[in-house]
Amino acid sequence: MAKIKITETAFRDAHQSLIATRMTTDEMLPIAEKLDKVGFYALEVWGGATFDSCLRYLNEDPWERLRSLRKAFKNTKLQMLLRGQNLLGYKHYPDDVVEEFVKKSIENGIDIIRIFDALNDVRNLKTAVSATKKYGGHAQAAISYTTSPVHNTKYYVNLAVEMEKMGVDSICIKDMSGILLPYAAEELVKGLKKVIKVPIEVHSHFTSGLANQTYMKAIEAGADIIDTAISPLGNGTSQPATEPMIASLEGSPYYPDLDFDLLLEISDYFKELRDKYLEKGLLNTKVLNVDINTLKYQVPGGMLSNLVSQLKTQNAEDKYNEVLQEVPRVREDFGYPPLVTPMSQMVGTQAVFNVMLGERYKMIPNEAKNYVKGMYGKTTVPISEEIKKKIIGEDEVFTGRPADLLEPELDKIRDEIKEYIEQDEDVLSYALFPQIALNFFKQRLATKYKIDNQILDQENKVYPV
């Protein structure tokens with residue numbers, strides 16, 4: 001029995017789950033010194049949607065944020081979330097882009113890279129894992145947890161064995177929907193501990209109201225690390241709150257070596273921030289509620305809000321429950337993928353189309369077609385011939401590793417944006433989010449040359465915003 005280690009998610013998953021990833025670097029830095037002294041195992045500060053959000057909404061350079069945080073945190077490891085071959089975007093990127101991205105993430109301050117694939121296809125983890133090891137980072141492979149007739153303890157243990165063979169440094173059970181039940185967690189962690197030598201981390205969300213109990217059973221079963229979020233940004237669709245989770249372990253051999261009094265001071269800082277988000281309308285109190293329907297539909301919090309906004313734009317909020325019921329049916333048709341980015345968006349959008357048009361698979365987004373064609377990787381169970389025919393007709397299904405079809409593109413990108421490059425990392429920002437990054441680069445140039453209310457076009461001519 002060992003003391004549990006804690007990864008704090010306030011600067012990444014917590015604000016991604018509750019306030020649409022809108023926390024700014026300026027809001028993070030004043031509390032960094034105190035967070036650094038608590039004694040956390042790691043702080044999750046980057047990756048996920050933070051990169052996109054910095055460029056798209058906050059007019060911040062995500063690389064500069066990472067460098068600032070690295071300077072501020074002198075004692076604590078910094079962690080990020082990476083979607084395997086998808087990096088931080090929504091499609092597969094060539095191996096040269098993946099390797100360079102991992103290299104630059106580590107160079108700029110990341111210690112631990114949590115790498116997952118939406119389909120648990122380990123071929124999609126390979127390049128990111130080997131690059132993380134190559135450049136001196138800690139490679140953590142994440143199991144995208146879901147339940148279905150085929151997802152059981154044996155399936156996950158076999159998956160973890162494959163991951164360990166790849167040379168990963170730790171394995172995370174990533175429960176993005178908050179559907180990992182306490183006794184299922186106990187069974188899974190015990191099963192993993194029998195065959196896996198590397199540390200096991202458990203990540204869950206409080207969406208269904210069960211994650212605290214899940215964590216307790218996982219800890220008792222031998223989990224090494226858990227993910228929590230400081231209480232003003234905890235619970236709801238975020239992680240279980242840090243302080244009560246720690247307090248619940250007092251008097252046990254698992255109680256962690258953390259400065260609890262300092263945590264209370266940190267909590268006061270985030271309470272003020274949370275009040276500000278409430279005033280701005282960034283924090284919808286609905287996301288703080290327990291939604292037990294999560295266990296039935298397996299829909300993560302972010303996907304729920306996405307479904308609501310899709311239906312709102314079509315004045316069809318009354319169809320919400322119908323869409324929720326369609327989600328598991330689409331998921332079954334698609335071979336039971338875990339509902340995590342980009343699969344959650346894909347399944348959700350298809351469910352909306354099926355309900356709104358009154359006919360299943362009358363309209364099919366390109367992403368769904370590519371998924372069925374094998375362009376995202378191997379499905380957990382084969383998709384039926386009937387569904388295949390409806391979605392891709394007679395088109396062939398690719399069975400190899402999707403990234404093997406992609407040509408290297410770093411040099412091409414470098415050439416495409418050469419007049420905007422101020423740092424090597426700009427090439428990667430553009431590779432992931434071309435239009436958003438380009439807008440950011442133009443704005444950066446305009447600010448640099450003090451061009452009021454104007455930006456520069458591709459030829460560096462000035463034109464009004």
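**Exercise 1: Strand pairing**

State how many bridges join strand S1 to strand S2, and in which direction the two strands run relative to one another.

Solution. Strand S1 covers residues 5-8 and strand S2 covers residues 42-47; two bridges join them, and they run parallel. Strands and helices here are DSSP runs numbered from the N terminus, with at least two residues (E) for a strand and at least four (H or I) for a helix. Two strands are said to pair if DSSP finds at least two bridges between them. The model is a predicted one, in which local features need pLDDT of at least 70 and side-chain atom pairs count only at pLDDT 80 or more, while totals for chains, interfaces and linings use all residues. Residues are numbered from 1 along each chain as its sequence is written, and side-chain values use heavy atoms, with hydrogens and water left out.

Next, the residue level: Glu8 has Leu43 of S2 as its bridge partner. On the S8 side, S1 pairs in the parallel sense over four bridges, and the partner of Lys5 in S8 is Ile225.

Finally, the whole sheet: eight strands form a closed barrel in the order S1-S2-S3-S4-S5-S6-S7-S8, with parallel pairing. Neighbouring strands of this sheet are turned by 30° against each other on average, direction ignored; such angles are taken between N-to-C directions of lines fitted to C-alpha atoms, and run from 0 to 180 degrees.

**Exercise 2: A helix and its packing**

Identify the buried residues of helix H9 and the elements against which they pack.

Solution. Helix H9 spans residues 211-221, and its buried residues are Ala211, Thr214, Tyr215, Lys217, Ala218, Ile219 and Ala221. Buried means under 20% relative accessible area, exposed means over 50%, and partly exposed lies in between (1.4 Å probe, protein chains only). These buried residues pack against helix H8 (182-195), strand S7 (200-203), strand S8 (225-228) and helix H10 (242-247). After H9 comes Gly222, with a positive phi near 115°.

**Exercise 3: Nonpolar cores**

Which residues have the most contacts inside the largest nonpolar core?

Solution. The largest core has 102 residues, and Phe11, Leu82, Phe101, Phe270 and Leu432 have the most contacts inside it. A nonpolar core is a set of buried Ala, Val, Leu, Ile, Met, Phe, Trp, Tyr and Cys residues joined through side-chain atoms within 4.5 Å. A second, separate core of 37 residues includes Ala118, Leu119, Leu307 and Met346.

Beyond four places in sequence, its contacts (heavy atoms within 4.5 Å) include Phe101, Val102, Ile113, Ile115 and Phe116.

**Exercise 4: Residues in loops**

Is Asn120 buried or exposed, and is Asn315 buried or exposed?

Solution. Asn120 lies in the loop between strand S4 (112-116) and helix H6 (126-134). Its phi is near 55°, a positive value in a residue other than glycine. With a relative accessible area of 7%, Asn120 is buried.

Asn315 lies in the loop between helix H13 (301-313) and H14, and has a positive phi of about 50°. Asn315 is exposed, because its relative accessible area is 73%.

A further backbone feature is a cis peptide bond between Thr341 and Pro342, with omega about 0°. Pro342 is in the loop between helix H14 (320-333) and helix H15 (343-356). For context, most residues other than glycine have a negative phi, and most peptide bonds are trans.

**Exercise 5: Cysteines and confidence**

Solution. Cys54 is buried at 1% relative accessibility, and Cys172 is buried at 0%.

As for confidence, pLDDT is the predictor's confidence in each residue, from 0 to 100. The chain has a mean pLDDT of 93, and 96% of its residues reach 70 or more. Where pLDDT is low, the predicted coordinates should not be read in detail.
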